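Trainee: I would like to go through this model with you, starting from a single residue and ending with the whole chain. Please give the cut-offs as we go.

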Amino acid sequence: MLITKRFLTFTVRLTVSLLAKSASAQDGWPAPEAMKGTIPNNPRAQTLDPALIRRSSDNKLFLYTTGKNGSVWTASSLYGPWKDEGSAQLREFGGAPSIHRVDDTYYLYINNHEFDYGSVGVTDPAIHTWEHNSSFLAASSKTLEVGEWTQHGRLEIDWAKKYNILDAALLTIDDGGKRQNLLSFGSYQQGIFQLPLADPPIKIADGANGDIKQLANNQTKAFKMGPTEASYIFKWKEWYYLFFSSGRCCKQKDGSWLDRGDVYKVMVCRSKQARGGFVDDKGVDCAAKSGGKEILGTHNNIWAPGGQGVLVDDEAGGPIIYYHYVPYDVKTKTPADEFRFGWNKLNFSSGWPEVI
């Protein structure tokens with residue numbers, strides 16, 4: 001009887017899990033992969049902005065997220081269980097961590113709102129607003145462990161009203177036998193931009209401020225200028241895929257949400273060049289014509305997915321997309337007051353990424 005009971009319990013759980021997956025798939029997108037134990041989350045109504053990486057020495061996973069002074073979760077498997085390691089001990093006003101490995105070193109970039117652009121001669125009063133006062137801090141580590149990061153200070157990107165210096169993502173390419181490090185960034189204003197970093201990538205390259213390229217700017221009904229941010233460039237075969245979030249990540253100042261068409265959704269464009277020429281699946285220019293192919297949006301009990309990145313992982317058998325989302329109560333039509341971590345596999349067989 002004990003064996004039978006256990007088998008029935010397993011069958012019921014498996015059936016419920018499959019039904020949940022099927023329900024989400026009815027909207028064209030699957031539910032996030034199931035995870036054991038506590039799902040990494042931010043229990044406050046504040047974004048999560050996950051940065052996921054697996055340590056090469058022992059395959060331990062590290063998930064750095066936004067939160068007051070950042071937060072860190074670790075696991076041995078993508079499926080959990082995940083352990084809450086507490087504060088990332090970075091900067092109190094730092095957010096949207098981005099982590100990348102170059103050779104045997106991990107590099108981290110975070111948003112920071114403490115730098116005074118007036119100290120470098122910028123006189124525009126917009127430098128005192130949240131939308132225009134951000135900068136990046138860079139750090140490096142051999143271990144990824146909390147407290148084992150060497151701080152390298154601010155990346156000295158010139159201030160400009162056409163972008164906010166938020167949401168860094170590093171792409172390393174082979175440029176004629178020489179490594180080139182490219183940093184994409186941007187939030188609202190005129191969208192996603194990119195400039196070269198030095199090698200190692202702890203400061204901008206010589207002449208980088210004169211070599212800033214615009215990559216994408218996607219508009220929605222509520223944001224005619226384009227609510228485009230959280231870029232991540234990933235190369236798969238001959239294509240560079242530019243993933244980004246379009247829409248409002250979070251609640252409005254009055255505590256309400258915009259409608260589902262104007263909240264976060266994951267978009268993608270592609271190019272055979274890392275520095276521009278990105279178009280969507282219909283050939284629409286992503287920088288000049290608001291192009292972008294939506295690959296993951298609000299569906300069933302998943303609200304405003306975004307803040308994404310891509311990781312090729314052996315455990316998953318290939319590339320995955322990871323992101324945050326807000327749990328949504330379908331009955332009451334109410335988003336929760338928290339953000340959670342989710343991930344799914346990606347299928348590139350059509351030439352465009354499909355969330356599966």
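Trainee: What should I know about the source and the numbering before going on?

Mentor: This is a predicted model, in which local features need pLDDT of at least 70 and side-chain atom pairs count only at pLDDT 80 or more, while totals for chains, interfaces and linings use all residues. Residues are numbered from 1 along each chain as its sequence is written, and side-chain values use heavy atoms, with hydrogens and water left out.

Trainee: In which strand does Y107 lie, and which residues does Y107 touch?

Mentor: Strands are DSSP runs of E with at least two residues, helices are runs of H or I with at least four, and both are numbered from the N terminus. Y107 belongs to β7, residues 105-112. Contact means heavy atoms within 4.5 Å. Leaving out residues up to four places away in sequence, Y107 touches S98, I99, H100, V102, A139, S140, W149, P200, P201 and I202.

Trainee: Where is P81, and what is omega for the cis peptide bond between G80 and P81?

Mentor: P81 is placed in the loop between β4 (71-75) and β5 (83-87). For the cis bond from G80 to P81, omega is about 0°.

Trainee: D167 and K237 both have a positive phi; which of them is buried and which is exposed?

Mentor: D167 has phi near 60° and lies in the loop between β9 (150-154) and β10 (169-175). K237 has phi of about 60° and lies in the loop between β14 (228-236) and β15 (239-246). D167 is buried at 11% relative accessibility, whereas K237 is exposed at 66%.

Trainee: How far apart in space are T172 and L182?

Mentor: T172 is in strand β10 and is partly exposed, with a relative accessible area of 36%. T172 touches V102, R179, Q180 and N181, not counting residues up to four places away in sequence. T172 and L182 are 10 residues apart in sequence, and their C-alpha atoms are separated by 6.2 Å.

Trainee: What is the radius of gyration of the protein, and why does it agree with a compact globule?

Mentor: The radius is taken over C-alpha atoms, and the globule rule is 2.2 Å times the number of residues to the power 0.38. With 356 residues the rule gives a value near 21 Å, so the protein agrees with it, at 20 Å.

Trainee: Which stretch has pLDDT below 50?

Mentor: pLDDT is the predictor's confidence in each residue, from 0 to 100. The protein averages 90, and 90% of the residues score at least 70. The stretch below 50, which has 14 contacts beyond near neighbours in sequence, is residues 1-26.

Trainee: Why should that part be handled with care?

Mentor: Where pLDDT is low, the predicted coordinates should not be read in detail. The stretch to which this applies, with pLDDT below 50, is residues 1-26.

Methods: Buried < 20%, exposed > 50% of the residue type's maximum accessible area, 1.4 Å probe, protein only.
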